[in-house]
Amino acid sequence: MNRRPRNPIIPGTLTERTGTLPILRRAVREINRRFDGLEQQVLEVFGRIRTYSLNDAARAVLYALTPDEMAALNGELQAALDYWIATGRERAQSFWWSAFVSEASQLGTAQTAANLTNLSEAYAAGRSLATILFSEPYRNRVGLAQVKSYEHWTGQSAAIRSELAQIIGSAVADGRNPKDVTTFISERLDVSRSKAKAFAQTDITDSLRQARWAESDAATEEFGLNIAELWTSALLPTTRPWHASRHGEVYTTAQVREFYSQRGNRYQCHCSQTECLLDGDGKPILTDRLKAAMAKEKKDWKPSP
């Protein structure tokens, strides 16, 4: 008696396929909290610079800032950035962003483990989520992902410090009105905040996908399962056409990794991949209902004009 095909468990929604939205929301709240604190501290540092003959209508302002004081000011900017963004350059494992990478990796691993447990009796009998999470390969993968993210944030911190120092240095040299300078500082920090949020979305979803691919590869090697990656596109109006066109298609993990290594495909992508089994002819084992539903979703998708 042939076993009725079981569909893979597809998490998320039509517009957010990874299921990482709750993690991202918490991450954005934390980014906002940190940038709010950073902005307040930077403006306080700038506000302590002495000025002469200041009035609101002044075209030029004389700042009483010696070279030694400018060096001290740069040190204060660095201290503020270390506190709010780089957290004193602590080791990656205790870095504030590492918790989000760890949570996304664990969620991706749990999604794959639940999915393969549903699809394969051999996997269900031979592998558990707890065993995976305490394994050395898993811990090493998460550790590498955390180090990579840590390097991004410390690089971002250095870039922001350079920009702020340039803004303040130019303002002092040009005698710009302090009110204009504080506005410019806030605007530049808002740009950095937006970049931080974009990175958060990319890093969290990428961490989840990387975890899924790794567990899929491990299951293939350990149990000899014939696994493919069923592409589930996030069919948003802003989804890139070459992402949406993959919806419902199947790929190897190597092909998926190659795709995400090109054309900036990993950035701001909400798509995911879900493991499915292949039959003897190499075709995905899916119910006709699921195949029809995914074909309709792709057909109904409307990109932004």
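Helix α3 crosses helix α7 in a right-handed sense (right-handed if the near helix is turned clockwise from the far one by less than a right angle, left-handed if anticlockwise). This is a predicted model, in which local features need pLDDT of at least 70 and side-chain atom pairs count only at pLDDT 80 or more, while totals for chains, interfaces and linings use all residues. Residues are numbered from 1 along each chain as its sequence is written, and side-chain values use heavy atoms, with hydrogens and water left out.

The two helices, α3 (residues 98-119) and α7 (residues 178-223), pack at about 40° with their axes 7 Å apart. Axes here are lines fitted to C-alpha atoms, for helices over the stretch in contact, and angles run from 0 to 180 degrees between N-to-C directions. Helices (H or I, at least four residues) and strands (E, at least two) are DSSP runs, numbered from the N terminus. The pair is therefore oblique, a label for what is left after under 35 degrees (roughly parallel), over 145 (roughly antiparallel) and 65 to 115 (roughly perpendicular).

Then there's the sheet: three strands, open, in the order β4-β3-β5, with antiparallel pairing (two strands pair if DSSP finds at least two bridges between them). Its edges are β4 (250-251) and β5 (272-277), each pairing on one side only. Strand β3 (residues 227-232) joins β4 over two bridges, and Leu230 has Val250 in β4 as its bridge partner.

Helices lie across these strands too. Helix α3 lies across β3 and β5, at about 20° to β5, with contact meaning heavy atoms within 4.5 Å. Helix α9 (residues 253-260) lies across β3, β4 and β5, at about 40° to β3.
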